[in-house]
Amino acid sequence: MSRFGVRWPQPPLLYATERGHHPPKAVAAATALQIAAMFFAFACSHPADDIATFKVEPITFARRVTAEGTLKAVKATPVGVPQNTTTPMKVSWIADDGALLRKGDVIVRFDEQEFEDLLLRGREDHSTATNKFEKADAESSATRTNLKRDARLAQSELEAAQRFKFDDAEIFSRYARIEAEVDQTLASSRKRHAEEVLGVRDNLARVERDLISIEDRRAGIKIKQAEEGLQALQVSAPHDGILVLLRNWRGDMPRVGDTMWRGQPIGEIPELTSMQAEVFVLEADAAGLAIDQKATLFLEADSHTQFKGKVKSVDKVARPRIPRQPVQYFGVTVELERTDQKLMKPGARVRATLEVENQSNAFAIPRQALFEKEGKKLVYRKKNDAFAPVEVTIRRKTKTPPSHETD
């Protein structure tokens, strides 16, 4: 069996292959060229039996990453602001996060004062519009009556002027004939003017009624919004369960005084019979994460109970968990083999270990046994009473001692 020239207690592992050979895949990290030179000089000046060695044997090489997160129900009933309201809603009371609910229990109440004020304003505007309608109708009716009377009077004068003939020069003087023509023309003009003014007044009355109708419709919208808001002043639980309030990007939950909009999520009522974990893996550790990889979880509240599972999904893009901070994580959903309803609650914090790689029959060496010289990675193999440099290819590397990295 080959021996390489350094041994330390529980060193991080490097999985390596010798140049020209093709053993299983291995792990990687390099030390400085000076260390290699010092080691070679030390090996040449000391007997081979005095140098610590590391015996290379096939092992099961595993690479695992740790993650933190919380439990979440596989299925949950969402709770949000009612969809039938079109105005902002101000929270006046809200149930506590984690509260036990029965079907019909109130989850959140909204402030009714704004809707009562809106309803009052809407009714006042509607009453004002109604009074304007009545006034406009009365004024329009009086104006039409007067204009029609003027038109009838002008028509009567025109008919009277047309009934008598003043064209006989022997009987009527020239002055009388001219006066008769003027009276006829004036009566005709007065009639035409009265009819034209009547048409104009009718158009103005219609425009005025249209403007008042717009005001009345606005008042109707206010009344409708107020009535819808008053009908949606509270949200009740659709079934029994535990209330889990949602947190915003700052980590804050809804509270009294918050303004909420139609359809905005408030929380959820999870089904506690089936839970899953949502954990976050550092971007630097996420290489190789894939669906169906094995996972082991521990609850922070009970670190002695272990739960097995597998990776259900992995986010496509890394994102910061905290806004405006550069550290990014991949979100991972872990499907659990079992759910302990006594221990597991939505939102409970968990620590997970994800098995990213598990390679059997692997050759692993400590990092300290790897050297670099002239761009080549070397280990020193003991043969008889001497050490000979052997170039190796690094496949994989671990970050923790082998007691945590191998099965």
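Select Gly-309: Gly-309 touches Gln-293, Lys-294, Ala-295, Val-334, Glu-335, Leu-336 and Glu-337, leaving aside residues up to four places away in sequence. Contact means heavy atoms within 4.5 Å. This is a predicted model: local features need pLDDT of at least 70, side-chain atom pairs count only at pLDDT 80 or more, and totals for chains, interfaces and linings use all residues. Residues are numbered from 1 along each chain as its sequence is written, and side-chain values use heavy atoms, with hydrogens and water left out.

Gly-309 and Leu-336 are 27 residues apart in sequence, yet their C-alpha atoms are 4.1 Å apart in space.

Next, colour strand β16 (residues 302-314), where Gly-309 sits. Strands (E, at least two residues) and helices (H or I, at least four) are DSSP runs, numbered from the N terminus.

Is Gly-309 buried or exposed? Gly-309 counts as buried because its relative accessibility is 10%. Buried means under 20% relative accessible area, and exposed means over 50% (1.4 Å probe, protein chains only).

Zoom out. The chain has four helices and 22 strands. Of its 407 residues, 33% are buried. Among contacts between residues at least 6 apart in sequence, 79% join residues at least 24 apart.
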